[in-house]
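Grab a pencil and work through these exercises one at a time. Try each task yourself before you read its solution.

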Amino acid sequence: MLLAALAGGVLVPISQAQAQPEAQAARGSPVTLNFVNAEIEAVARAMSNITGRQVVVDPRVKGTISLSSDKPVSPTAAYNQFLAALRLQGFTMVESAGLDKVVPEADAKLQSGAVSAGAVAGSGSQIVTQIFKLNFENANNLLPVLRPLISPNNVINVNPGNNSLIITDYADNLQRIARIIAASDVSNGSDLEVLPLKYAIASDLGPLLLKLVDSNGAAPAAAGQTDNSFKTTIIAEPRSNSLILRAANPARIALVKSLVAKLDQPSVQGSSGTGNIHVVYLKNADATKLAATLRAVLSGDVRAAPAATPSAAGGAASGAANAAAASASSGGGQIQADVSTNSLIITAPDPQYRQLREVIEQLDARRAQVFVESLIAEVNADRAAEFGVQWQGPIGNAGDRSIGILGTNFGTGGNNIIGLAAGAATGAVLPGAGLNLGVATQYNGVYTLGFLARFLEQNGDGNVLSTPNLLTLDNEEAKIVIGQNVPFVTGQYTNANSGGTGAVNPFQTIERKDVGLTLKVKPQISENGTVKLSIFQEVSSVAASSVNSATGLITNKRSIESNVLVEDGAIVVLGGLLQDEYAGNSDRVPGLADIPIFGALFKSDSRSRKKTNLMVFLRPVVVRDAASSDALSAARYGQIREVQQQSQPVNSAVMPINEAPMLPPNPTTPNPARAKPVSKTLPLTPLGQ
């Protein structure tokens, strides 16, 4: 059943059975709404006819709604009332490519709706995406404030790259959020203030003021919140002896200024008027060396300060002497070093003390370190081949007064047929390595070796990879030795007695030397990041052939001493050895050995070939802060622990020892966000390979 609304000129549905009007007036004319429990899809078609918009209903949208108006309303107002009714039912409208799509509210954020970065677009109950760019406030700080104001099915995200908020929600709610953001995104800090000091030292007064004004500061920010706009910042500027101040509000600025006025007072002079006494605690520099440098500066002495650190034996005495020494300059200043606290005691007038403090601040900076990876790769290939025939036989008959001996013999020891025959007579036959074919003949009940053929082929391959690593301060020499302390006999003495019964008081003199791998390096970092390295590297070993030698031990030695210039993190080759050695030896009977085929019975040949490939590489990595040092240490610690985990014994019920020692988990794993990339400090080759 239908009812014509004459005032609006539009037929509107008044029953549940028929939701769409049978007639339609001109679009833009006011309409009277009277939908009672009408299907959403039918009401959407009616709204499409009224407003001229293309409305599409998602198949998942089911249900009925009721719309009514006491008097005619404009099509826009009718459409907004339709959107509000949909919102109450858990549905919403998303505009995309000229279509208005009615979808469930939970899926609206996934639709390609309107996106804007300026004023909030769209009608009040329509889902849109808005980008808010913040100028002063940290987006992470506003996130917990705005999240409760967003509909549960919609989202709010932070883009830390450009400090912006991305919110998908209803347009009317976004307009409210825009007003909240505009009121919050204001400058919290004041302009910079420069406070010149007359008597106090800026580097001393700055940390003190910061502790006083921030003693009741807020708790640390949560994870991801690193905004410091509400904190008071005080920076000391040594050149002009001033404090640079930035505070959250004028009251905090006034507080800092009042503290500066009270603390920036002249020191009480002593009765002698010789000047003030100040104690400066050093953070990185060595007090003894720095005191010598400053005394040289005050006295105009251009000689360098001592670079060597006192030895263990005389360190205490030398350190005490240096600490007690004081050199008076022409201006009356004195500088002493206290070794126990690593501090300087300066006696000087305030103007001169300020100059010294400026120099101390520059020299007491954290020194960079250099991590040096050295890689020694050695590949050896040895091949040897031997082939020889030897034979011996008597000429004559048994009982003859004289008999002859005819045959060939080559080599020594277990490779010689005569030596083996003599050993057979005593029952000790030790033939050489390889395949030995022999024939023994019996003479007068004794077997004598009369024929020997020997075949031998040897192959030996070696692959040695060593990676000694060092971490040292800039411009400081470091050394690592990995090897054995081997004794070498340098002399011996035996005093024979007159009776000839034996030696009396025999002795030997022995000198011990390190044999193995030695690496000494002294890095120097330049301003452009390159590293100059003074390097000494040595690889030595005891020759196996000299272990039981009567003449003493023989060592194989390969060393490199050089100065190179390397970029930070780059790999440079220091040197190497590529050697290919061939040797051939032939023992033969002249003339007979040249007979084809049968000549092999009269000769013995041996050949050998040895290849050696040795290369030494170097890679320095500059470690400038604690985060990089922590990352480097954590990477090495993890590699060693991984190798130990892979080397654990297999569980056995028979043998109760089923665990090998292993490092505990690293308790000081650094934050990777603060450190350099790990690939920058990885070793040249993984450990355990």
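**Exercise 1: Getting an overview**

Task: Find out what share of the chain's residues count as buried, and how many helices and strands the chain has.

Solution. Start with the cover: of the 689 residues in this predicted model, 32% count as buried. Next, run through the secondary structure, and you'll find eleven helices and 28 strands. Last, check how far contacts reach along the sequence. Among contacts between residues at least 6 apart, 63% join residues at least 24 apart.

**Exercise 2: How far can you trust it?**

Task: Work out where in the chain confidence is lowest and where it is highest.

Solution. Begin with the average: the chain has a mean pLDDT of 76, and 78% of the residues score at least 70. Strand E1 (residues 2–5) has the lowest confidence, with a mean of 33, while strand E16 (residues 334–338) has the highest, at 90.

**Exercise 3: A strand and its partners**

Task: Decide which strands pair with E9, and in which sense, parallel or antiparallel.

Solution. Next, take one partner. Strand E8 (residues 115–116) pairs with E9 in the parallel sense over two bridges. For an example, find Val 115: its bridge partner in E9 is Thr 129. Now take another partner. Strand E11 (residues 164–170) pairs with E9 in the antiparallel sense, over seven bridges. Here you can check Lys 133, whose bridge partner in E11 is Ser 164.

**Exercise 4: Salt bridges**

Task: Say how many salt bridges the chain has, then explain why the one between Lys 257 and Glu 193 ties together parts that are apart in sequence.

Solution. The count comes to 13 salt bridges. In the pair you were asked about, the closest N and O atoms of Lys 257 and Glu 193 are 3.7 Å apart. Lys 257 sits in helix H6 (residues 250–263) and Glu 193 in strand E12 (residues 193–196), so their bridge ties together parts that are 64 residues apart in sequence. Now check the cover. Lys 257 has 37% relative accessibility, so it counts as partly exposed, and Glu 193 is partly exposed too, at 26%.

Solution. As for cover, both Arg 619 and Glu 373 are buried.

Task: Which side chain does Arg 588 meet in a salt bridge, and which residues share partners in one network?

Solution. Arg 588 meets Asp 594, with 3.0 Å from N to O. Arg 588 is partly exposed at 40%. Asp 594 has a relative accessible area of 54%, and the cut-off for exposed is over 50%, so Asp 594 is exposed. For the network, follow the shared partners: salt bridges join Asp 204, Arg 357 and Glu 361.

**Exercise 5: A patch and a buried residue**

Task: Name the residues of the nonpolar surface patch, and describe where Leu 592 sits.

Solution. The patch is made of Leu 592, Ile 595, Ile 597, Phe 598 and Leu 601, which together have about 490 Å² of accessible area. Leu 592 is in the loop between strand E27 (572–588) and strand E28 (603–623). With 36% relative accessibility, Leu 592 counts as partly exposed.

Task: Which residues does Gln 390 contact beyond four places in sequence?

Solution. Locate Gln 390 in strand E18; its relative accessible area is 6%, so Gln 390 is buried. Its contacts include Thr 408, Phe 410, Ile 417 and Gly 450. Gly 450 is 60 residues away along the chain, yet the two C-alpha atoms are separated by 8.3 Å.

Key:
Residues numbered from 1 in each chain as written. Predicted model: local features only at pLDDT ≥ 70, side-chain atom pairs only at ≥ 80, totals over all residues. Heavy atoms only, no water. Patch = residues over 30% accessible without salt bridge, like charges linked within 9 Å, V, L, I, M, F, W, Y side chains within 5 Å. Areas by Shrake-Rupley, 256 points an atom, 1.4 Å probe, with all protein chains shown as cover. Salt bridge = Lys/Arg side-chain N within 4 Å of Asp/Glu carboxyl O. Helix = DSSP H or I, 4+ residues; strand = E, 2+ residues; numbered from the N terminus. Buried < 20%, exposed > 50% of the residue type's maximum accessible area, 1.4 Å probe, protein only. Pairing = 2+ DSSP bridges. pLDDT = per-residue confidence, 0-100. Contact = heavy atoms within 4.5 Å.
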